[in-house]
Each structure stands twice: as structure tokens, then as C-alpha cells.
Amino acid sequence: MMLRHVGITVKDLEKSLFFYRDLLGFTVAREMNESGSFIDSISKLLNVKVKTVKLNAPNNGGGMIELLCYESHKHDVSYRQITHCGISHFALTVSDIEAIHSKLTENGIAFNCEPLLSDDGGAKVTFCRDFENNLIELVEVVK
């Protein structure tokens, strides 16, 4: 078994594409407009209309992010604390956390803290939120 993708429901697809594609370097693998009985059944909703964009991780990183923008079912994005039940965050391994931190900060992304060396000295770590308030951990493995 292996993780296929992380699905992220978004209100503003263009802002999310800017974050994941333009700032973090993910590449668009596929875009589609989904509707009909299949998507209704698997989502357990009626009359679904959703734009889906699948993004591959940079440098063949093996991971995929799926952005879902529902045209038919609008919901407010709530600010989730890391202590809330459910998926609290996801982590991305980066090669240069200082450069990513600077690039994201210059583009208005807020961080919990500057990149810090973990207690065991094995990684530099920080957390930020994308434009939809999803919590993302950035990790640079220190060799």
C-alpha cells in the first residue's frame, strides 16, 4: 500500500494553484470538471459539480495533491487548530527550507515560527498555512 494523494477542498482555485504550483513548484498533471452519478455516489452528495486539479510533487517527489473546488456545494473554510480531530496537517520534505520560507513570506504566507532545528538535530522544521488555512509542515532533513 502507498499514499496516492492528499485531497484539499478549496474556495479559490486560482489562489491555491498559485500557492502549490507557482510558489512550491508542483506541476499540473490533470484538470477536470466532474459531475454525474459517479461523483455523486462517491461523495454521497447530489448534483455535484466540482473542478479537480491534480498536481504532482516537484522533482518526481512521488506525492500528489488534488485540489477540489466545488461549484455546487459551497462551504466556508474554517480555521483548524493542530489539536482538532481529523487530519491536522501534512508535511512536505524540502531541500532548502530557508529559501522556501523566504519565498513564501515574500508572498504573504504566515509561519508559526522561523525554521528551527529539531531537538534530535535531524531536521529543520516550520509550519505555515496555505491561502485556505490548511496547515503545512515543511521539513528539511539535515545530513
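**Loops, core and cysteines of the predicted chain**

Asn-133 sits in the loop that links strand S7 (123–129) to strand S8. Helices (H or I, at least four residues) and strands (E, at least two) are DSSP runs, numbered from the N terminus. The model is predicted: local features need pLDDT of at least 70, side-chain atom pairs count only at pLDDT 80 or more, and totals for chains, interfaces and linings use all residues. Residues are numbered from 1 along each chain as its sequence is written, and side-chain values use heavy atoms, with hydrogens and water left out.

Phi of Asn-133 is near 75 degrees, a positive value in a residue other than glycine. Most residues other than glycine have a negative phi. Asn-133 is partly exposed, at 30% relative accessibility. Here buried means under 20% relative accessible area, exposed over 50%, and partly exposed in between (1.4 Å probe, protein chains only). Lys-44 also has a positive phi, of about 60 degrees, and is not a glycine. This lysine lies in the loop between helix H2 (37–43) and S3. Lys-44 is exposed, with a relative accessible area of 77%.

The backbone oxygen of Asn-133 lies 2.7 Å from a polar side-chain atom of Arg-129. A polar contact is a pair of N or O atoms within 3.5 Å; within protein, one must be able to donate a hydrogen and the other to accept it, and residues adjacent in sequence count only if both atoms are side-chain atoms. Arg-129 belongs to strand S7. Arg-129 is buried yet has no salt bridge. A salt bridge requires a side-chain nitrogen of Lys or Arg within 4 Å of a carboxyl oxygen of Asp or Glu. The nearest side chain of opposite charge to Arg-129 is that of Asp-130, 7.3 Å away. Lys and Arg count as positive and Asp and Glu as negative; His and the chain ends are not counted.

The chain has three helices and eight strands. From the N terminus, the elements run β-α-β-α-β-β-β-α-β-β-β. The C-alpha trace spans about 50 × 35 × 30 Å along its principal axes. Of the 143 residues, 35% count as buried. Contact means heavy atoms within 4.5 Å. Among contacts with a separation of 6 or more, 52% join residues 24 or more positions apart.

The largest nonpolar core holds 26 residues. Such a core is a set of buried Ala, Val, Leu, Ile, Met, Phe, Trp, Tyr and Cys residues joined through side-chain atoms within 4.5 Å. Phe-19, Tyr-20, Leu-67, Leu-104 and Leu-138 touch the most other members. Helix H1 (13–23), strand S3 (49–56), strand S4 (64–70), strand S5 (90–93), helix H3 (97–106) and strand S8 (135–141) each supply at least two residues. H1 gives the most, with five. Beyond its neighbours within four places in sequence, Tyr-20 is in contact with Ile-8, Gly-25, Phe-26, Leu-55, Ile-65, Leu-67, Phe-90, Asp-130 and Ile-136.

Lys-49 lies in strand S3. Leaving aside neighbours within four places in sequence, Lys-49 is in contact with Glu-34, Ser-35, Cys-69, Tyr-70, Glu-71 and Ser-72. Lys-49 and Val-125 are 76 residues apart in sequence and 37 Å apart in space, C-alpha to C-alpha.

The structure holds zero disulfides. A disulfide is a pair of cysteine sulfur atoms within 2.5 Å. The sulfur of Cys-113 is too far for a bond, because the closest cysteine sulfur, in Cys-128, is 11 Å away. Cys-113 is partly exposed, with a relative accessible area of 30%. Cys-69 is buried, at 11%.
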